[in-house]
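Let's take a walk through this structure together.

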Amino acid sequence: MPSEVRTIEVGYLTRVEGEGRMKVVARDGKVEEVVFSIFEPPRFFEAFLRGKHHSEAPDITARICGICPVAYQMSSVHAMEHAFGVSVEGPLRDLRMLLYCGEWIESHALHIYLLHAPDFLGYESGISLAQDHPDIVAMGLRLKKAGNEIVRVLGGREIHPVNVKVGGWYRLPTRAELDHLATVLDRVHDDAISTVALVATFPMPDVSRTLEWVSTRYPGEYPMLGKTVVSSAGLDIPVHEWNDWFVEEHVARSNALHSRIKTRGSYETGPTARFNLNSELLSPGAAAAAHQAGLTAPCTNPFQSIVVRAVETLHAVEAALQIIDGYRAPAAPAIQFVEKAGEGCGASEAPRGTLFHRYRLDAKAMITDAQIVPPTAQNQLSIEEDLRLVLEKHIAEPDDRLRTILEQSIRNYDPCISCATHFLELEVDRG
Amino acid sequence: MSPRVAVFKFASCDGCQLSVLDAEDELLAIVGAVDIVEFPEARTRREPGPYDVGFVEGSITTPEDLERIKQIRQDCKVLVTIGACATSGGIQALRNMADVGGYASIVYAHPEYLDVLATSTPIADHVPVDIQLYGCPVSKEQLIETITAVVAGRRPDLPSHSVCVECKARGTVCVLVTGTPCLGPVVRAGCGAICPSYQRGCYGCFGPSSNANVASLATAWEAVGMPRPALARALQGFTVGAPEFQEAIRAL
């Protein structure tokens, strides 16, 4: 009897940021091949950063991603400050966290409501979802707008903000601007609570797996601006030891580099990893909402990432309010430092996971070498492993249903393909 | 019938198409007024052309994309380029002044896996474009104005004067006269003069304004202690591929 081969392919993955594809092949009911690949054209950021002044890195690297420019700005300023042997602390650091809370809220709300919720509720887009459930989408847009408003006020504009620099800020916000943001956040606090309750009711495919979870850490804080890198397998290293533990490989099927932990292999970074490693550090309201939603660490069902994202959104709203409440303006918008030759590493938590930067600088503080490791590149192997697991579990399903659940599985990671080539095609080949 | 609208992506950061979704107050009205039939970042349903309006983000950097844009032009009655990548090649046009083979080997261990062009070029270098929206990113207001204009069947009202006019309009004290180098006098308005209001100089997101006088700006930069090569470097940013800036860089 000839063997039965099924192929499912998605040549251009939708509702993700950037261009990617997926292909899975099953032979006689067994998974044969699973490929998630990125065909977004490369833009060579690490090359043209060479010869640029260190002060240009936050604005240039922001352009890698229009969804999470703040993450690029934060990791790059951390790396430069590390190279110069200085550290930005106190209210200047608190303002960086506030800006980052804005990016988490807008990016998570975008992904939850416009990109991922349609999968759970059986719609092809947030636009179609809005036709039947305008109240749900309107709630998401209110949250998203609040997040964007933080970035706009502190950063000058929502996409590619202009106010972040090595050492701190160009201009400090006024008390009136911060009070405005507190009002904006107070207004969406209930929306953020309702979002956790809403997504917790979504029907969840029953999949469970354990893998190595990786996030940054800063003592006493739910991770955002990291100082060390930790994992569920006991890794605990300063950020600058990254390259001793993580490797990137270039494979033919993808324009993004794949990351592994040396001697161990794939790992996951992002909301679920952060939650599993740091759930005790959530804001009180976010911890209570997670408890009510039945979410406990470790969360092993990748589809529950949408619930974790909602919990993190609420955390960001509450953390932002706390920062505004406790803020006392510092004497100057930035700290002083002496430019010098050297190497610096920095990491922070983009909405979709840990973002690592490393730069080498010459005596004029010009960049001679740059390395950028975005979260989606790190998650590529785990995304493929999840696809394999989901395919095995749902192999009896017809192609259309299978394709939908496989795409949903990729969206669990909120992949940013613009970042990772800095997106994706799905092919399911069943022969 | 509502106009059929498509959004396409080429080499870019997705920020300009995200500006459509960032119009939180207008988004539901927009999707009521136009039928967005092709927008892969936001919806799975996809429809082939023809389209009444196509918005194109990103620059041309691969042989496939060069062919794809020609087909998109044929499919769209009105073609609108959105953002610095689509209108001038983007920050990735820095490769136009370098050796792309060398670039690829800096980032990738196996450059032979890549299929890329030596240059990053704007859409208008390859096909006729009807409306250009500048900026890195585009202005959300200009984007909404353009969608509104297209639905109404009129031209969008878009400025071509310099950022200086916007600083005056919002009452921002000139940062150049207080000693901070600023590209505002030669850069197109549209952002609302954000940078000077945050106490830094304009760094050129919207590309050259009409009648940009870079030679005169060079004198003003020298007066604040910034020599000509510094101005030439500053122009090598997010709109480096704009011909006016290329020429100015050579002249400096």
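Which residues of α9(A) are buried? They are A:P271, A:T272, A:A273, A:R274, A:F275, A:N276, A:L277 and A:N278. Helix α9 of chain A runs over residues 271-278, and eight of its eight residues are buried, so the helix counts as mostly covered. Please keep in mind as you look around that this is a predicted model.

Now let your eye move to the meeting of chain B and chain A. Here 56 residues of chain B are in contact with 64 residues of chain A. The size of an interface is often given as the accessible area lost when the parts come together. For chain B and chain A, about 5,400 Å² is buried between them, and 61% of that lies on carbon and sulfur atoms.

Charged and polar groups take part as well. Seven salt bridges are counted between chain B and chain A. To find a salt bridge yourself, look for the side chains of A:D59 and B:R200, which meet at 2.8 Å, N to O. Between chain B and chain A there are also 30 residue pairs in polar contact, both residues at pLDDT 80 or more.

Which elements of chain B give two or more residues to the side that touches chain A? These are α1 (15-21), α2 (27-33), α3 (63-75), α5 (100-107) and α8 (194-197) of chain B. Of these, α5(B) gives the most, with five residues. Sorted by class, this side of chain B has 30 nonpolar, eleven polar and 15 charged residues.

Definitions and conventions: Residues numbered from 1 in each chain as written. Chains lettered and ligands numbered in written order. Predicted model: local features only at pLDDT ≥ 70, side-chain atom pairs only at ≥ 80, totals over all residues. Heavy atoms only, no water. Contact = heavy atoms within 4.5 Å. Buried area = accessible area lost by both parts, 1.4 Å probe. Salt bridge = Lys/Arg side-chain N within 4 Å of Asp/Glu carboxyl O. Polar contact = N/O pair within 3.5 Å; in protein donor to acceptor, adjacent residues only side chain to side chain. Helix = DSSP H or I, 4+ residues; strand = E, 2+ residues; numbered from the N terminus. Nonpolar A, V, L, I, M, F, W, Y, C, P; charged D, E, K, R; others polar. Buried < 20%, exposed > 50% of the residue type's maximum accessible area, 1.4 Å probe, protein only.
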